[in-house]
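Reader: I am new to this structure and would like to go through it by question and answer. Please show it before we start.

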Amino acid sequence: MGFIDCCSNILTKLPGPSLPFLPAFFLGTIFASLILLYLYKKETNLPLNDILLHAFRSLFLHLPSNGCSASDSETDKCNNVQCVRCQRYGELQHQIIQRWRRLKGREIMVSVDRVEQAVRRLQTQGKLEKSEKITDVTRNEREEERKIATEEETGGKLKYRGKQKRHEGKASSPDQNNGEMKDWNKEIHEEKKAQKDGGCSEDEKEKTMQDKVEKEMKKGKLKTQMTYQKPTLFHVMGLPANPNWTEYDVLTNEQKLLKLNFELITQEFEKVFSRLQSGDTTGWKNNSILEGHWCIFPFVDQGKINTSNCHSCPRVAEIILGCLPAMMNDCVFGNAAFSILYPDSHITPHQGPTNLRLRCHLGIKVPNGCWLEVAGQQYKWVVGETLLFDDSFTHSAHFTNQPNNMHSQPRAILLLDFWHPNVTIQEKECLLELLTPLGV
């Protein structure tokens, strides 16, 4: 007797089912689900009311993203030509160059040499040259321009130093003085010398801040680390660069104000976060990351005030918009938001778009297993304390797997962008003209 005949003989001798097909199918499905639920609980050690949420997040929120979020204020540019945020970068580059040309010759242009160098840096990179719209530039042209810009930076000594004449007809910028580019390093040295001699005409408060930064530089505490600092869009040369600014005596009034109002900030965060937990996502934005789940509740989003969210948290909005003089309001690089990061999440290493700002984090909820990494150094958030760093340095955020602590809260912070303390009043006035939010 063959195998098939043997199986057929056994099946014919089995008793018929006592239940119809559909009831038997449903009972079998329920039985299998209970077994899976038991195994999942044994594996994760979670309470029953959190198992479904954990399974849903593990299934749907860990999928890689095909693009990047336009509202994502912390991640780097990607290589996707259809990426909305990368297109906005191009639009902003075009806006900066066009507005700079219109501003030349006005009184606002006094003592803004560093800003001029930054604009020229965009022009020498070949971005938007002979083009009115960023969408007209092909991907191959972008890669070639980026390669040329990199070669120019690495070969800067040959191009901008020495007594050799510049090649005629090879001007990389339409705004060159007498067809030549200035020596950036020489201008920075002269500007610092002028500041030491009292050549800057800042008011007393601004001058005090400048003196603090210069004093720290003389002590050797702040060092220019150009190797690790790589702003992706607008780089102002000559600003003191340091990954972590928490330990220095800068922006002290802003940080003290945030700490004093910690309880108030926490109360309004709990109000909007409880709505999110109940399924109401109004005002929240999901930032696309490859691993995990990260979302923000923005009050200022790339310089634009979110009036709806400000009405939801009026006291926090009052602090952000009216009580923090260094806050980057009305600037496209300025952001303020509640930011939450769930367990099993990782924000990959990236750089911010500019070195004009310092980013401040106020810890609201800080579970175990989460930390920030800036320029290779790890820093831990502390509830009620501020962490001040330069996000133009390579940085990332981590929240390790928490299988036994999933029912606890995610990491939550208040994120704010402040002006770099070494940016002068004259430079701010000029930059606010150049860096107005897109679409305004």
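Author: A term comes before the questions: buried means under 20% relative accessible area, exposed means over 50%, and partly exposed lies in between, with a 1.4 Å probe and protein chains only. This is a predicted model, in which local features need pLDDT of at least 70, side-chain atom pairs count only at pLDDT 80 or more, and totals for chains, interfaces and linings use all residues. Residues are numbered from 1 along each chain as its sequence is written, and side-chain values use heavy atoms, with hydrogens and water left out.

Reader: Are Phe299 and Phe338 buried or exposed?

Author: Phe299 falls in the class under 20% relative accessible area. Phe338 is in that class too, and the class for both is buried.

Reader: What percentage of the 440 residues of the chain count as buried?

Author: The chain holds 14 helices and 11 strands; these are DSSP runs numbered from the N terminus, helices being H or I of at least four residues and strands E of at least two. Of its 440 residues, the share that counts as buried is 47%.

Reader: What kind of aromatic pair do Phe299 and Phe338 form?

Author: Rings of Phe, Tyr and Trp (its six-membered ring) pair if their centres lie within 6.5 Å; planes under 30 degrees apart count as stacked, over 60 as edge-to-face and the rest as tilted. Phe299 is in strand S2 and Phe338 in strand S4, 39 residues apart. Their centres are 5.2 Å apart and their planes are at 80 degrees, and the pair is edge-to-face.

Reader: Why is the pair of Trp284 and Phe297 tilted?

Author: Both residues are buried. Trp284 lies in the loop between helix H11 and strand S1 and Phe297 in strand S2, so the pair ties together parts 13 residues apart in sequence. The ring centres are 5.2 Å apart and the planes are at 55 degrees, so the pair is tilted.

Reader: Which residues do ring pairs link into a cluster?

Author: The structure holds 7 aromatic pairs. Ring pairs join these residues into a cluster: Phe269, Phe273, Trp284, Phe297, Phe299 and Phe338.

Reader: In what order do the 4 strands of the open sheet come?

Author: Two strands pair if DSSP finds at least two bridges between them. Strands S7 and S10 run antiparallel and are joined by 5 bridges, with Leu372 and Ala397 as bridge partners. The edge strands, S5 and S8, each pair on one side only. The sheet is antiparallel, and its order is S5-S10-S7-S8.

Reader: Which residue of S9 stands opposite Leu362?

Author: Strands S6 and S9 pair in the antiparallel sense over 4 bridges. From S9, Thr386 and Leu388 point one way and Leu387 and Phe389 the other way, and all are buried. The residue opposite Leu362 is Thr386.

Reader: Is Ala375 buried or partly exposed?

Author: Ala375 lies in the loop between S7 and S8. Most residues other than glycine have a negative phi. Phi of Ala375, however, is positive, near 50 degrees. With a relative accessible area of 28%, Ala375 is partly exposed.

Reader: What is the relative accessibility of Asp344?

Author: Asp344 sits in the loop between S4 and S5. Although not a glycine, Asp344 has a positive phi of about 65 degrees. Asp344 counts as buried because its relative accessibility is 18%.
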